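I opened the file and looked up a handful of places, one entry at a time. My notes follow.

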Amino acid sequence: MTDHIHIESDSTEVLPLMPLRNTVVFPHQVIPLAVGREKSLNLLNGLDEETKVIGLVAQRDGRVEEPVVEDLFSWGTAAMILKKFKMPDGSEQLIVQGLYRFKLVRILQTDPYFEASIQQMPDEYETGLEVEALANNLKNAFQKIVDHTPYLTNEHRVMILNTEEPDKLSDLIAAQVNFNVTDKQQVLELTNVKARLHKVHYLLNKELQILELGSKIQSDVQGELNKTQRQYFLREQLKAIKKELGEYEDVNTELDELKEKIAKLKMPKEVREVAEKQLNRLSRMSPMASEYTVSRTYLDWLIEMPWQKSTRDRLDTKKAEAILNEDHYGLEKVKKRILEYLAVRQLKSDMKGPILCFVGPPGVGKTSLGRSIARALNRKFSRMSLGGVRDEAEIRGHRRTYVGALPGRIIQEIKKVGSNNPLIMLDEIDKLGMDFRGDPSSALLEVLDPEQNFSFTDHYLEVPFDLSKTMFIATANVMDPIPPALRDRMEVISISGYIEDEKIHIAEKYLIPRQLKNHGLTEKQLRFNRKAIRMIASKYTREAGVRNLEREIASVIRGVAKEIVDKKITERTITCRLVPKYLGPERFFSEVAERVSRPGVATGLAWTPVGGDILFIEATRMKGKGRLTLTGKLGDVMKESASAALSYLRANAEKYNIDPSFNEDYDTHVHVPAGAIPKDGPSAGITMFSALYSLYTNTCVKNNLAMTGEITLRGLVLPVGGIREKVLAAKRAGITTIIMPEKNKRDLEEIPAKNIRNMEFHFVSEVDQLIELAFEKQGSKESKTK
């Protein structure tokens, strides 16, 4: 047997060959082999007892089940069969030990098994410091690999460290480490020991770097693996994981699906051309390229935009009106405008969507009204909060050159709802900001212009999208912060605060049922007396809307719910007597008109963002040099009104039987109580004059009278705003007589007659009329009364 193994390099020998799949056997290596293929079993069955040596040759492709000669590498390893076991399924298990390298000379037979003439390829030895250094480096690198891999144990480490021969060391390391078949075959075919050490050293370092990358993915890997190789490795690893999970899709399949989607979609011609161009670019791009993800995301946006998808509007005005009335009480102006739009749509189907702006105090239902309008029109609804938005890109999007670029909020919302004719609510448009990143309000000019928005171009999409079918509704608390150009593009509808009766109706119809449902109570368990609701609205809240009213109602319900759970009661009817029990003492006191029993005090009416209020203006004088002092945190306009009133009084002092030199001998101080609250506006002009006139003529203003109006230096009384809120505030305060400008008479038509019953109104155009009405017990015949 020894003679058979040790032959000269120029001699040949015949050996039976066994093809191996995904395995390369090296000299000195002991390895188990599972034998199950027919030819391999034929080979084992054909061996006699004395023949223990076979040739092991790796296949080029391990997936080939029945290899032919061309499928085999030309180098292999002669191996001795140490043990052989038969398995129950008919296969066999071998334990073999590699002996020496060989090269195929000629295939002698292929059936029933491979047999070939082979030539042994002995090692070419070199000695020297380089070989020793390589061997030491291999041992060190192998130890590091053992630390990173679970399939190598300390026994492997000891075996390698105890191997001194360089040829045997390189073979054993190549056999133990999981190199791929091609790399192992290259090592096998190297007979020069020094070259083999170099090759194994390279493969070992490569494997070590890959293992370190896998365990510490964020670290910088040194060596021959550059950034591209790392990315390639990671992507290939991810691809393999996805394939195992059944989630992997071939790139070509993905591109075919995209092409099919583009073909099915009814895109505008310009958009289709851009999409097809992008798809062609994608097909020529490597999936590993950084640009691939950017282009793929952009293509997804183009495909998922609802270019031609729209919902059918509900044009039945009666049904729409029923839905609006079901959701909201009052708000007749808004409902009338929506129903008019639907009526026109029935006559003209291609009418562009209106662009409305609801302006009103907080809590009157502006935002919820938008949702109700969308339901009435049968449109998709989307809400965009613009409060605090300072970046123009929020509206127009980012250009795709930026990392993480996205379309603007308008395009995002349209994609989210999946319709090109939704109702988009631009909430809090008066709270838009601006800074170095641009002015969002300027970007909205195109969005809210029906003459331009049919071709709105987002910076990210870079293709026009038709916004003319979209209905935009903006909301704001005040109009002043909105730029004039933007204000001009919107149809402004003012929504006033609710009067007390409206709040009671809303509470009964909407708020109480909703809160009972939210708290798990029924109408049988808890009922509210109407007077109790009125008490909560007037004594515990001070607002134009109903948000705080709903919170207070919820507080009462929670208190009752606790009592029911504690089994103290089974049902409860809330009356005025019980309200303080659940809400505590009254928080707001209706400042009943002060009995103006001394000169220098007049009662005015003011408008605030949370509704109307009464305003007391006090004037006093002291020895001085004619200075005017104004206090009460007054704004510039209000200070100017006081100056105008005093100037008119000085100019007409003789007419009103006042000493013309009063201003030389006295300083005048005008104060508006509630000094911590800012106040401004011209509507307190005639009230300022009345307080000054009362002071210097030593007469009193009627104690049941309030007034509002702007004064001029010529003694004219000009119209002011907020009449509805001011009148209702006077009604709440117990005032029965109101003086207002002649030109504000038409504003009373907006107030329901029942809300101003038993109130007397006087309309004036000059200060002289005001004096007659405010300082005499009976109004003059010239005054106009309602």
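**Entry 1: a cut-off, then D171.** I call a residue buried when its relative accessible area is under 20%. The model I am reading is predicted. D171 sits in helix α5, which covers residues 166–176. I looked up its accessibility: the relative accessible area of D171 is 1%, so D171 is buried. Its side chain makes a polar contact of 2.5 Å with the side chain of R101. Leaving out residues up to four places away in sequence, I found D171 touching F26, P27, H28, R101 and R196. R101 therefore turns up both as a polar partner and in the list of touching residues, given that contact means heavy atoms within 4.5 Å and a polar contact is a pair of N or O atoms within 3.5 Å.

**Entry 2: confidence.** I checked pLDDT before going further. The mean for the protein is 82, and 92% of the residues reach 70 or more. Which stretches did I mark with pLDDT under 50? One is residues 1–9, where the model has 14 contacts beyond four places in sequence. Another is residues 778–786, with 21 contacts beyond four places in sequence.

**Entry 3: the five-stranded sheet.** I traced an open sheet of five strands, in the order β8-β9-β12-β7-β13, with parallel pairing. Which strands are at the edges? They are β8 and β13 (491–494), each pairing on one side only. From one strand to the next the twist averages 20 degrees. I then looked at one pair inside the order: β9 and β12 run parallel and are joined by four bridges. Within that region, M425 stands opposite I473 of β12. Helix α14 packs on this sheet and touches β7, β8, β9 and β12. The direction of α14 makes about 175 degrees with that of β9.

**Entry 4: helix α14.** I stayed with this helix. α14 runs over residues 366–377, twelve residues in all. From its first C-alpha to its last it reaches 17 Å, close to the 16 Å expected at 1.5 Å a residue. Which of its residues are buried? I listed K366, L369, G370, S372, I373, A374, A376 and L377. The cover over these buried residues includes helices α12 (317–327) and α13 (332–347). It also includes strands β7 (355–359), β8 (381–385), β9 (423–427) and β12 (471–476). Just after α14, N378 takes a positive phi of about 65 degrees.

**Entry 5: backbone exceptions.** N22 is not a glycine, yet its phi is positive, about 60 degrees. N22 lies in the loop between β1 (12–20) and β2 (30–35). Is N22 buried or exposed? Its relative accessible area is 56%, so N22 is exposed. N698 is likewise not a glycine and has a positive phi of about 60 degrees. I placed N698 in the loop between α25 (685–697) and β20 (705–707). With a relative accessible area of 60%, N698 is exposed. For the peptide bonds, I noted a cis bond joining D111 and P112, with omega at about -5 degrees. P112 is in the loop between β5 (92–109) and β6 (114–120).

**Entry 6: two buried loop residues.** I looked up T149 in the loop between α3 (129–148) and α4 (154–161). Its relative accessibility is 7%, so T149 counts as buried. What does the side chain of T149 reach? I found the backbone oxygen of I145 at 2.9 Å.

I569 belongs to the loop between α21 (547–565) and β15 (572–574). At 17% relative accessibility I569 falls under the 20% cut-off, so I569 counts as buried. Not counting residues up to four places away in sequence, I569 touches V560, E563 and I564. I also noted the C-alpha separation between I569 and Q525, which is 9.3 Å for residues 44 apart along the chain.

Key: Residues are numbered from 1 along each chain as its sequence is written. This is a predicted model: local features need pLDDT of at least 70, side-chain atom pairs count only at pLDDT 80 or more; totals for chains, interfaces and linings use all residues. Side-chain values use heavy atoms; hydrogens and water are left out. The expected span of a helix is 1.5 Å times one less than its number of residues. Buried means under 20% relative accessible area, exposed over 50%, partly exposed in between (1.4 Å probe, protein chains only). pLDDT is the predictor's confidence in each residue, from 0 to 100. A polar contact is a pair of N or O atoms within 3.5 Å; within protein, one must be able to donate a hydrogen and the other to accept it, and residues adjacent in sequence count only if both atoms are side-chain atoms. Two strands pair if DSSP finds at least two bridges between them. Axes are lines fitted to C-alpha atoms, for helices over the stretch in contact, and angles run from 0 to 180 degrees between N-to-C directions.
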